[in-house]
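Trainee: I would like to learn how to read the features of a structure one at a time. Could you take me through this one slowly, giving the general idea before the particular case?

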Amino acid sequence: MSIKIKILCFDQDDPKKCTAKRMEKFNLSQNYNSFRSLPSEGIVLDPFADTILSDSDRILADVGGIVGVDCSWNQAVFTFSKLKLMGLEPRKLPDVVPAN
């Protein structure tokens, strides 16, 4: 089973340089432009979350998908707090440690 990738995209940057727009163009993600249109199930990748994304989150990701957010850092705190209220489970990616 493949995990659906959903992106909440606020169009705050150049569409030619936007990774979210490219992913949608190649059918790798489904983009949403408002909180209302975004389904309220799954995991949201949140840099402010306390819990790290782990293998135990696979069931939640299979059911609701993973939501990424493409917004300005000036609006990030407001955006992620609103997503938490919608019922999406916030998770942050593990820290990357260079091995060289």
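Predicted model: local features only at pLDDT ≥ 70, side-chain atom pairs only at ≥ 80, totals over all residues.

Trainee: With which residue does Arg-91 form a salt bridge whose closest N and O atoms are 3.1 Å apart?

Mentor: The general idea is that side chains of opposite charge can pair when their charged atoms come close. In this structure the partner of Arg-91 at 3.1 Å is Asp-57. Arg-91 belongs to strand S5 (residues 89-91), whereas Asp-57 sits in the loop between strand S3 (43-45) and helix H2 (58-64), so the pair ties together parts that are 34 residues apart in sequence. Asp-57 is likewise counted as buried, because its relative accessibility is 8%.

Trainee: Which residues are linked in a network of salt bridges with Asp-57?

Mentor: The network links Asp-57 with Glu-89 and Arg-91. Within it, Glu-89 forms a salt bridge with Arg-91, and there the closest N and O atoms are 3.6 Å apart. Glu-89 has a relative accessibility of 33% and therefore counts as partly exposed.

Trainee: How many salt bridges does a search of the whole structure find?

Mentor: The search finds three. One of them joins Lys-21 to Asp-11, with 3.0 Å between the closest N and O atoms. Lys-21 lies in helix H1 (residues 19-25) and Asp-11 in the loop between strand S1 (5-9) and H1, so this pair ties together parts that are ten residues apart in sequence. Lys-21, at 28% relative accessibility, counts as partly exposed, and Asp-11, at 45%, is also classed as partly exposed.

Trainee: Where is Lys-17 placed, and is Lys-17 buried or exposed?

Mentor: Lys-17 is found in the loop between S1 and H1, and its relative accessibility of 68% makes it exposed. If you wish to follow the chain from there, the C-alpha atoms of Lys-17 and Ala-99 are separated by 30 Å, with the two residues 82 apart along the chain.

Trainee: What does Thr-79 touch, not counting residues up to four places away in sequence?

Mentor: Thr-79, which lies in helix H3, touches Phe-10, Phe-35, Val-69 and Cys-71 under that condition. At 3% relative accessibility, Thr-79 counts as buried.

Trainee: How many disulfides does a search of the whole structure find?

Mentor: The general idea is to look at the distance between two cysteine sulfur atoms, which must be within 2.5 Å for a disulfide. The search of the whole structure finds zero disulfides. Cys-9 is in none, and the nearest cysteine sulfur, belonging to Cys-18, is 4.4 Å away.

Methods:
Residues numbered from 1 in each chain as written. Heavy atoms only, no water. Salt bridge = Lys/Arg side-chain N within 4 Å of Asp/Glu carboxyl O. Helix = DSSP H or I, 4+ residues; strand = E, 2+ residues; numbered from the N terminus. Buried < 20%, exposed > 50% of the residue type's maximum accessible area, 1.4 Å probe, protein only. Contact = heavy atoms within 4.5 Å.
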